[in-house]
Amino acid sequence: EHSVGGAAKIERIEALINGKVFQTFDTASELRALNSHYGRAQADNMICLHFDRPELRQLNDAKSFGIGTLNIQTFHIRVKLSATATSPSLTATASVSAPRPLGNITIIRKFHKANAQAGLVDIDNIPTGARILAVHLNKSDITHCELKVNNATYFESSKALNDLVLAQARPVARAPMANYYSIDLTVQGTPAGALVTEGVQDLRIKPTIATAGSTDMIVEYWGKLGSA
């Protein structure tokens, strides 16, 4: 819960285990947009880091992503506020369950691709190791996208068709984020569709863009701490 003069005053959010960052958001608005994609309820004066994944069908699947703290030394949430934040106040509240060891978690990483011209873009530097649950490409004019694994097509769709698939997701319909193209591999309500990247030699994301300009990416991984 925050009182800082508006969510725009929150400039960066990081979650750390044993001093290692495993989730990063450049702004509170970015985190709120991702929560909106998954249909997670929100309030104006609160920001929620969902370590569970309530959009999955099976409760055991949803809860398996939670942070097991039994065998870790430290857990931190780090927030950077704007210098213009007014009388800042932050209060953290956690939902906890019976203690268990740290297992597979959602790792959120950010990447940037500069595109010198319009057309087909080849993004080939996404780290592998952990499974990929979703990739969110932040550029408003992506018309089509393909995901290739070892030169075989794993995913391919136009923006219009992909938005329809996201809206048809069950048990929780996705709300496509403004200015994003989202490759969501959990639309069937299970993590079983996540892309296994361990041992992959060549992983490429190939969006088609209408204009030159940079593309920022949010990649949601599923794996052990440090695996992505």
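Asn 151 lies in the loop that links β9 (142-149) to β10 (152-158). In this predicted model, Asn 151 adopts a positive phi of about 70°, although it is not a glycine. The residue has a relative accessible area of 63%. The cut-off for exposed is over 50%, so Asn 151 counts as exposed.

A positive phi also occurs at Ser 87, again a residue other than glycine, with a value near 45°. Ser 87 sits in the loop between β4 (75-81) and β5 (89-90). Its relative accessibility is 66%, and Ser 87 is therefore classed as exposed. Most residues other than glycine have a negative phi, and most peptide bonds are trans.

A cis peptide bond joins Arg 170 to Pro 171, with omega near 10°. Pro 171 belongs to the loop between α3 (159-167) and β11.

Strand β11 spans residues 180-184. Five of its five residues are buried, so β11 is largely enclosed by the rest of the structure. Burial applies to both faces of the strand. Tyr 180, Ser 182 and Asp 184 are buried on one side. Tyr 181 and Ile 183 are buried on the other. The cut-off for buried is under 20% relative accessible area.

The pairing of β11 with strand β8 (residues 131-138) is antiparallel and runs over five bridges. Within this pair, Tyr 180 of β11 stands opposite Asn 138. Tyr 180 is also one of the buried residues of β11.

Conventions. Residues are numbered from 1 along each chain as its sequence is written. This is a predicted model: local features need pLDDT of at least 70, side-chain atom pairs count only at pLDDT 80 or more; totals for chains, interfaces and linings use all residues. Side-chain values use heavy atoms; hydrogens and water are left out. Buried means under 20% relative accessible area, exposed over 50%, partly exposed in between (1.4 Å probe, protein chains only). Helices (H or I, at least four residues) and strands (E, at least two) are DSSP runs, numbered from the N terminus. Two strands pair if DSSP finds at least two bridges between them.
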